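Work through the exercises below with the sequence and structure in view. Try each task before you read its solution.

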There are 4 protein chains.
Amino acid sequence: MHVAPGMVEIALPASPSVSQQHGFVHAGALAAIADTAAGYAALSLMPPGVGVLTTEFKINLVAPAKGNGVRARGRVVKAGRTLTLAQTEVVAETATGEKLVALLTATLMVIEGREGIAD
Amino acid sequence: MHVAPGMVEIALPASPSVSQQHGFVHAGALAAIADTAAGYAALSLMPPGVGVLTTEFKINLVAPAKGNGVRARGRVVKAGRTLTLAQTEVVAETATGEKLVALLTATLMVIEGREGIAD
Amino acid sequence: MHVAPGMVEIALPASPSVSQQHGFVHAGALAAIADTAAGYAALSLMPPGVGVLTTEFKINLVAPAKGNGVRARGRVVKAGRTLTLAQTEVVAETATGEKLVALLTATLMVIEGREGIAD
Amino acid sequence: MHVAPGMVEIALPASPSVSQQHGFVHAGALAAIADTAAGYAALSLMPPGVGVLTTEFKINLVAPAKGNGVRARGRVVKAGRTLTLAQTEVVAETATGEKLVALLTATLMVIEGREGIAD
């Protein structure tokens, strides 16, 4: 995992445990690492002791994730007082280079001294 | 797993492997079972030999998934020739009953004789 | 417009000003009334003096909006302290009855004594 | 309107007819021009005689649209055989420069010789 302020990259090697029936990385696994990258990107801009929680995300799956593994690159689009918008590109590493497989946008809520979503 | 035409229910017991740091079911795991329930709901209306692929989904996470486990109930909203829209409600099973934790809407593409997304 | 606690219905008659080139109601107009219905549904549960602001919405357009007009029915899925999730179904009124044309989910943020989104 | 292959920019001057009660451009109007920019960006890559139809979009509204007007910049993220993914950034023109107000992702379906969504 690589982290810079407002940006995070997570790599996931291909393996049977994250693959679906055709041998591609499962959409659920893609969504999980894409959401995680978005969350850490948001967190990288927060002061110590502050957490973030995903309130919603949308993911478009544009190509099958086949290859040697995938990389999820999250970056903060807009950091707000209450809500932060982040976006993650997920690429597959193939023999001929990187290929976009998914695009996620997520809203993260800042959490201070509370566990869980506002209720 | 319970399946009826256009509807699917998947149960996921709480366990450490699907929990995040606060002991709730991880958002990625919720998204994965919600997407799976939506996909099987769409598939339940398809003729034999036809597959479906998620092209996009959005999930709103409205409460922490704490309790004895979660249930994802997918149903088809609109079955089309090329695209099907499905929706999944995810509820947590608590001591006092069920509580909504997430709502997902997904677009599924019908796949006949092809592997993977159109490219 | 019909309003009940947590529910709002808005009717939009078909007219050239809201139609696109094929004579259907424009997607942008559908999104606008669907978002408005979601917002008023959320507002109907708020105390006096409190406002709401849409922070994000997603709309799936499942059929062309042709007929005598459209109706947008918004309802609150989950009312939270900071964020409220609402959903709107948009139906077209046709000679043979109602037909679903769009489904929207929206996140609304509660605004007290502030104008505009947190910044 | 400015168009290049895979990219479209649409400008909307501020005016009372597209403003909501606080004087900002209405979310529905933002969504409409953002969706339009995404659609034309997709169309700019299509052969003559082929149309596109929005099947779904999501918009995150990150700041109030106040200023002299807004610009929507749509670009194609991935052009596929059946579906195209496009993204639009909407910025407000203020005295101190441009400010991001909204981010939209849209799925467009290619339409050949048919009117309306597959049914």
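Two strands pair if DSSP finds at least two bridges between them. Strands (E, at least two residues) and helices (H or I, at least four residues) are DSSP runs, numbered from the N terminus. The model is predicted: local features need pLDDT of at least 70, side-chain atom pairs count only at pLDDT 80 or more, and totals for chains, interfaces and linings use all residues. Residues are numbered from 1 along each chain as its sequence is written, and chains are lettered from A in the order in which they are written.

**Exercise 1.** Find the residue of β4(B) that stands opposite B:Met7.

*Solution.* Start with the strands. β2 (residues 7-13) and β4 (residues 69-79) of chain B run antiparallel. Seven bridges join them.

**Exercise 2.** What rotation superposes chain D on chain A?

*Solution.* Superpose by least squares on the C-alpha atoms of residues with pLDDT of at least 70 in both copies. The rotation is 180°, with 0.0 Å of shift along its axis and an RMSD of 0.0 Å. The two copies are therefore related as by a two-fold rotation axis. In chain D, the C-alpha of D:Lys58 is nearest the axis, 3.9 Å from it.

Technical notes. Heavy atoms only, no water.
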